[in-house]
Amino acid sequence: MIDDTQGPEEETESLWWLTVAPAAWVAHLLASYATVAVWCAKVTDRDGALGDARWMVAAYTAVALALIGWVAVHGFRRHRFGEGVRPHELDTPGDRHRFLGFATFLLAGVSAVATVYVSLVVVFIGSCQ
Amino acid sequence: MKTAKGDVEPLEEPFSEALQEAQKQRLRAAWKTPTGWRYWSAVNNTEVGVWYTATAFGFFLFGGLLALVMRVQLAVPDNTLLDANTYDQFFTLHGSVMMFLFAVPVFEAFSIMVLPEMLGARDLPFPRLSSYGFWCYLIGGVFVCGSLFFGQAPMGGWFMYPPLTTQYTEGYGVDIWLLGLSFIEVASIAAAVELIVGVLKCRPPGMRINLIPLYSWYILVVAAMILFAFPPLIAGDILLEVERAFDWPFFDPERGGDPLLWQHLFWIFGHPEVYIVFLPSIALVAMIVPTFAKTPMVGYGWVVLAAVGTGFLSFGLWIHHMFTTGLPGVSLALFSAASEAIAIPTGVQLFCFIATLLVGRVKMKVPMLFVLGGFSTFIIGGLTGVMVALVPFDLQAHDSYFVVGHLHSVLIGGTIFPIIGAAYYFFPLIGGKHLSEKLGRLSFWLMFVGFNVTFVPMHLTGLLGMPRRVFTYPEELGLGALNMASTVGAFILGLGVLVFVIDVFRPKKNQPYAKRNPWGAGTLEWLAPMPDEAWGVRSIPEIDSRYPLWDQPNFVRDVDEGRFYLPDAEEGLRETLVTSPVDAQPIQCLRVAGPTWLAMIAAIFTGGLFIFSTFHMYTPALISGALAFVTVVRWLWTGTAVIPEKKEKHVGLGLTLPLYRSGPKSVGWWGMLIMMLGDMTAFLALIFGYFFYWTADTDFVTADTPALDTLWPAVGAAAIVGSWLATYAAKRLNRRTAAGFYGAIAVALGLGALGSWALLRAPGALDPTAHVYPAMVWLLFGWSALHAIVGVIMQLYCLARRIARRMDGEHDIDIVNVTLYWHFVLVTVVITTAVLLGFPRLL
């Protein structure tokens with residue numbers, strides 16, 4: 001059994017983990033937006049079809065969801081570290097570790113939903129109009 | 001309560017009474033507020049925070065009065081109280097004042113005041129920066145508002161769209177808006193730096209990241225948002241002001257410009273701005289709700305999710321303000337989807353609050369009334385928000401009074417009600433006395449009823465076809481009754497605010513002090529005795545819980561008797577603890593600055609630079625700018641990176657901490673990093689502009705466009721890379737030998753100067769007024785050169801510091817921070833040169 005008052009050292013912990021999944025969402029949105037904007041301005045015109053741009057957005061979605069999924073698994077594992085249960089409010093390295101994992105996991109969840117929302121656009125819309 | 005092994009406990013036995021008294025005397029002397037006219041040289045959070053908050057409320061009242069006059073004008077059809085021009089100035093100032101001079105500053109002000117108390121810190125790490133920010137804000141705010149009394153106020157609406165504001169507006173109004181508010185935005189970024197470093201580095205020992213008050217989570221998120229949201233607006237302000245002052249055609253379609261770029265830059269700022277305003281108020285709610293429910297917040301982790309998630313998602317919504325600009329439908333749909341997604345984290349936090357209220361036994365005091373009134377109002381605004389986030393609906397409702405109704409529901413429900421509630425809640429922390437429960441209830445009901453009578457009819461007037469920003473409307477439209485209702489409601493709302501103001505200002509001499517921790521809260525700010533002492537906290541506690549006042553036994557006694565850290569000020573200096581970002585392990589005893597006039601003087605001269613520029617008086621502007629520069633250098637020279645008289649200091653409980661730290665463990669390094677992240681964001685906004693012109697216009701670069709000479713850009717970039725390397729070498733060598741440092745910094749200076757000069761020559765003979773392409777080339781090279789020149793000045797500063805022995809091999813904060821700055825110069829120059837030389841020609 002792992003002693004709950006022990007836990008990973010502070011140096012191994014990073015607040016940046018919290019931002020990875022939402023940043024993946026931002027990158028996905030911006031890439032999708034830039035792709036369709038350039039497509040509709042340079043490749044075709046305002047009445048043209050999205051064509052391959054849809055597949056490009058689908059590819060971004062796959063990459064973004066894979067990254068978010070990986071972050072989620074990572075977060076969930078930290079949330080389940082040792083024996084502690086929520087609300088992770090103890091003054092121990094173990095609970096700090098679990099808390100950051102849990103928050104990372106939740107953020108990955110909302111980022112995944114938001115990414116799917118954005119990607120649905122190219123499922124329903126096929127032209128630049 | 002479970003804690004980690006080896007967790008620090010307070011002293012078993014108290015110090016003797018005599019020693020405690022002596023400690024208090026020394027602390028009082030160190031933190032003494034200056035008296036007489038020197039009072040205004042104070043920089044401590046307890047003074048600056050109060051001035052800042054009071055000023056923000058002053059601007060709030062001014063903005064509210066403007067609204068009342070507008071409502072009188074609109075009460076009946078074909079009214080002639082205000083003419084169109086005056087009305088335009090009123091609504092523009094109303095929006096600008098409420099957003100830029102009230103909503104954002106009030107949160108910064110309040111946080112500067114209360115965040116150190118919440119974190120058990122004596123002060124935030126950069127008190128002079130806060131003070132500088134406050135004076136900038138006051139001067140800029142008075143300048144912008146004062147313009148109304150000369151009939152020169154801006155009248156382009158709070159978002160200042162060109163070409164209305166470039167080709168169709170006479171006078172100084174737009175310049176006053178652009179320069180006056182840019183000046184204030186700088187102050188906002190300064191506050192953001194202060195708050196981020198405060199939350200990450202100035203927590204009490206043991207307050208791990210899973211234990212920090214929810215308020216500080218929100219503040220961290222909001223300050224980071226300011227850092228990435230304001231710079232695009234500053235970039236846009238630069239473009240618009242340069243077009244107005246020097247005729248560079250960024251927004252002029254005749255010469256390749258595009259007014260839509262302004263809308264992008266404005267709303268990349270403007271949408272996060274809505275959440276920058278909303279989240280701090282929700283942060284206040286997150287402090288008030290557990291206190292009145294008498295139970296810890298339910299779903300702390302979920303609230304953190306909501307805060308961080310909203311912060312990110314809010315940056316992906318900006319195009320929903322541009323649904324009617326003719327962008328491709330698919331682009332609109334992407335942002336519509338994102339706009340719907342943000343309802344998830346927003347909803348999550350509201351459910352957490354409601355759950356907390358359900359779990360606890362709620363005491364219905366005035367602060368709770370405002371919180372619940374705010375919830376219901378905000379939810380209505382949120383739901384109409386979901387409606388206007390849908391493109392087909394927005395096409396109908398855009399620019400109508402429906403949007404006015406929606407945005408006021410969000411802002412008054414989500415922001416004003418919680419702020420007034422928080423004023424009732426936190427008021428005892430300022431003067432030690434309560435506001436009146438009776439007047440509070442009266443104020444609430446007047447405001448709540450007044451709000452609904454004002455803004456619910458606006459949804460209907462909007463759907464019936466009344467556009468925003470019209471100074472009157474004809475009788476035949478049949479909008480008279482609804483508008484009259486709105487006007488009556490506005491006065492009831494105003495009356496509610498008046499009752500609150502009376503409550504604040506009524507004499508309280510005979511009223512007894514509130515009892516300590518009057519609401520029975522669990523968080524550190526309520527350690528304050530009534531009335532409070534200027535030192536912030538008697539001794540800096542070791543934290544074991546999210547609600548230490550509820551959970552840690554004998555906590556108040558231990559703090560009061562100095563049984564924790566830093567119970568004394570032996571050297572008579574102002575000190576606080578710096579801790580690590582995740583686990584809040586103490587790493588430094590930081591000496592913070594005391595009273596000074598320098599911050600105020602620097603703000604006055606900075607104000608001169610902006611204000612003289614507004615009226616194209618460039619000589620006094622430059623003199624004022626030079627004086628601001630001299631003042632800031634003096635401030636840095638005398639007040640920063642001071643070498644302490646000894647290496648370490650015993651801070652109590654057997655702990656000895658260094659007094660000087662450089663690099664990532666120091667607060668100054670973090671300040672520089674955060675400031676430069678903001679700067680980099682502004683730069684990337686300009687680069688975005690360059691690519692935007694390329695996608696939006698077919699003639700951005702054509703076969704006829706004069707070619708850019710490769711020589712000077714290449715020389716400039718190469719010299720800057722060299723200067724960066726030499727600066728880095730100077731940092732490394734400084735730790736070994738003085739000679740090595742001098743040699744490296746000399747090379748860095750030479751190359752830096754050469755690089756700056758070459759970058760200024762880089763645009764060659766291109767004429768920036770001819771077309772937007774040469775204008776962008778000039779702007780980007782100019783931006784790079786300016787950064788390189790500032791970098792050279794910093795190198796000179798380090799050289800002087802080393803010669804003056806204010807920096808040495810061991811105490812190297814200056815050169816370490818300057819090297820960090822140079823990393824950003826390097827990235828700026830390399831990206832500029834690569835983009836301008838390589839794109840789109842090499843495609």
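Tutor: What follows is a set of questions and answers on a predicted model.

Student: Where in chain B is R661(B) found?
Tutor: Look at the elements on either side of R661(B). One is β4 (655-658) and the other is α21 (667-696). R661(B) is therefore placed, by its 19 other C-beta atoms within 10 Å, as partly exposed, and its location is the loop between β4 and α21 of chain B.

Student: How far apart in space are R661(B) and I611(B), C-alpha to C-alpha?
Tutor: In sequence, R661(B) and I611(B) are 50 residues apart. I611(B) is one of the residues of α19(B) that make the contact with α4(B). In space, C-alpha to C-alpha, the separation of R661(B) and I611(B) is 39 Å.

Student: At roughly what angle do the axes of α4 and α19 of chain B cross?
Tutor: Helix α4 covers residues 127-146 and helix α19 covers residues 598-614. Their axes come within 8 Å, and the crossing is right-handed. The angle is roughly 35°.

Student: How many residues in the contact of α4(B) with α19(B) are nonpolar?
Tutor: The contact includes W135(B) and F143(B) of α4(B), and M600(B) and I604(B) of α19(B). By class, 1 is charged and 4 are polar, while the nonpolar ones number 11.

Conventions: Residues are numbered from 1 along each chain as its sequence is written. Chains are lettered from A and ligands numbered from 1 in the order in which they are written. This is a predicted model: local features need pLDDT of at least 70, side-chain atom pairs count only at pLDDT 80 or more; totals for chains, interfaces and linings use all residues. Helices (H or I, at least four residues) and strands (E, at least two) are DSSP runs, numbered from the N terminus. A residue is buried if 20 or more other C-beta atoms lie within 10 Å of its own, exposed if 12 or fewer, and partly exposed in between; C-beta atoms are placed from the backbone. Axes are lines fitted to C-alpha atoms, for helices over the stretch in contact, and angles run from 0 to 180 degrees between N-to-C directions. A crossing is left-handed if the near helix is turned anticlockwise from the far one by less than a right angle, and right-handed if clockwise. Two residues are in contact if their C-beta atoms, placed from the backbone, lie within 7 Å. Ala, Val, Leu, Ile, Met, Phe, Trp, Tyr, Cys and Pro count as nonpolar, Asp, Glu, Lys and Arg as charged, and the others, Gly among them, as polar.
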